[in-house]
Amino acid sequence: MMTLVFSAHHEHADEPSDAPFLPADWPHRMSSRFVMSSGCRWHVQRTGQGPVMLLIHGTAASTHTWRDLIPPLAEHFDVIAVDLPGHAFTERLPSSSMTLSSLSSALADLLDTLDIEPAHIVGHSAGAAIALDLTLNRGVNAATLCGINAALLPFGGAMQSLFSPMAQFFATTRLMPRLLARRAKDPKAVLRVLKGTGSTLDADGLSFYQRLFQAEPHLAAVLEMMASWDLQPLVKRLPELESPLTLLVGTEDKAISPQEADKIQRVMPSLVIHRLDGLGHLAHEESPEIIAGLIRQNARGTA
């Protein structure tokens with residue numbers, strides 16, 4: 001079983017020359033490189049040719065979530081995928097802050113370090129919120145934005161008053177990541193978590209998440225991100241968004257209510273919504289060809 005930590009550099013013919021060791025079976029390993037920015041080392045994958053397309057994963061995921069989406073997109077775009085700070089192979093930010101503002105600011109700095117301005121940004125779940133914050137608050141002028149089961153609205157009412165203190169408590173105790181990591185040794189436990197999203201993944205998909213969920217630093221970052229997430233400032237600025245936004249919404253998503261897209265459309269009448277019948281929260285892992293086609297269509301339509 002893989003441990004998601006940085007190890008000493010190994011020189012192999014099939015290993016990126018500037019990267020620490022990555023598991024031999026990690027998706028798109030040969031497209032990986034490690035970049036210092038904002039005081040931490042980022043895991044970045046880049047492949048393809050054409051307009052730059054940035055892929056931002058959601059909470060608890062990594063670049064692996066795009067494994068089957070990258071090849072069809074790389075036929076048309078210069079695709080860049082990153083592990084967010086604290087996730088998988090990217091180090092924590094020195095400030096240890098996991099707020100929306102700190103993550104999007106650090107990602108904007110990374111784009112500056114790479115001398116890249118993406119023409120298109122695709123974000124899954126919380127990654128969609130980061131994509132919008134990049135555009136609204138960080139000066140990233142993307143031609144199109146696409147959210148896959150985008151998490152753009154905060155919990156409300158009693159759920160908010162219950163969720164925030166619980167998440168903050170779990171994030172401040174070192175015991176919780178350890179307990180969750182031990183629990184993830186049981187594939188059935190991980191399968192239940194994934195099924196709770198409304199998605200059904202293949203054996204490889206289950207394996208990658210199981211390995212991520214056994215890494216205590218990864219889980220600690222996830223819990224702190226959940227505890228620190230505040231979407232209210234972003235929601236207030238949604239009507240100011242100038243870049244065209246398209247939401248791909250799985251009708252079977254159990255993590256983000258499909259009705260949230262309708263609420264967003266009330267304040268953003270130009271919003272385009274595509275319903276994905278029978279797909280859950282991880283729709284891009286369930287049907288990557290369908291999602292890739294919609295993303296290409298969205299990018300071409302506004303080009």
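This section describes the salt bridges, a charged surface patch and the cysteines of a predicted model.

In total, 11 salt bridges were counted. One of them joins Arg-41 to Glu-91, with the closest N and O atoms 3.8 Å apart. This pair links distant parts of the chain, 50 residues apart. Arg-41 sits in strand β2 (residues 40–47), and Glu-91 lies in the loop between β4 (78–82) and α2 (100–113). Both side chains belong to partly exposed residues: Arg-41 has a relative accessible area of 25%, and Glu-91 has 29%.

Arg-92 forms a salt bridge with Glu-224, at 2.5 Å from N to O. Arg-92 lies in the loop between β4 and α2, whereas Glu-224 belongs to helix α8 (residues 216–228), so the bridge ties together parts that are 132 residues apart in sequence. Arg-92 is partly exposed, at 27% relative accessible area.

A further salt bridge pairs Arg-237 with Glu-240; their closest N and O atoms are 2.8 Å apart. Arg-237 is partly exposed, with a relative accessible area of 28%. Glu-240 is also partly exposed, at 45%.

Asp-68, Glu-75, Asp-204 and Glu-289 form a negative surface patch. Glu-289 is found in helix α12 (residues 288–302). With a relative accessible area of 53%, Glu-289 counts as exposed.

The cysteines were also examined. The structure holds zero disulfides. Cys-40 is buried, at 0% relative accessibility. Cys-146 is buried as well, with a relative accessible area of 4%.

Methods. Residues are numbered from 1 along each chain as its sequence is written. This is a predicted model: local features need pLDDT of at least 70, side-chain atom pairs count only at pLDDT 80 or more; totals for chains, interfaces and linings use all residues. Side-chain values use heavy atoms; hydrogens and water are left out. Patches are made of residues with over 30% relative accessible area and no salt bridge: like charges are joined within 9 Å, nonpolar side chains (Val, Leu, Ile, Met, Phe, Trp, Tyr) within 5 Å. Accessible areas come from the Shrake-Rupley method with a 1.4 Å probe; for residues, only the protein chains shown count as cover. A salt bridge is a side-chain nitrogen of Lys or Arg within 4 Å of a carboxyl oxygen of Asp or Glu. Lys and Arg count as positive and Asp and Glu as negative; His and the chain ends are not counted. The place of a charge is taken as NZ of Lys, CZ of Arg, CG of Asp or CD of Glu. Helices (H or I, at least four residues) and strands (E, at least two) are DSSP runs, numbered from the N terminus. Buried means under 20% relative accessible area, exposed over 50%, partly exposed in between (1.4 Å probe, protein chains only). A disulfide is a pair of cysteine sulfur atoms within 2.5 Å.
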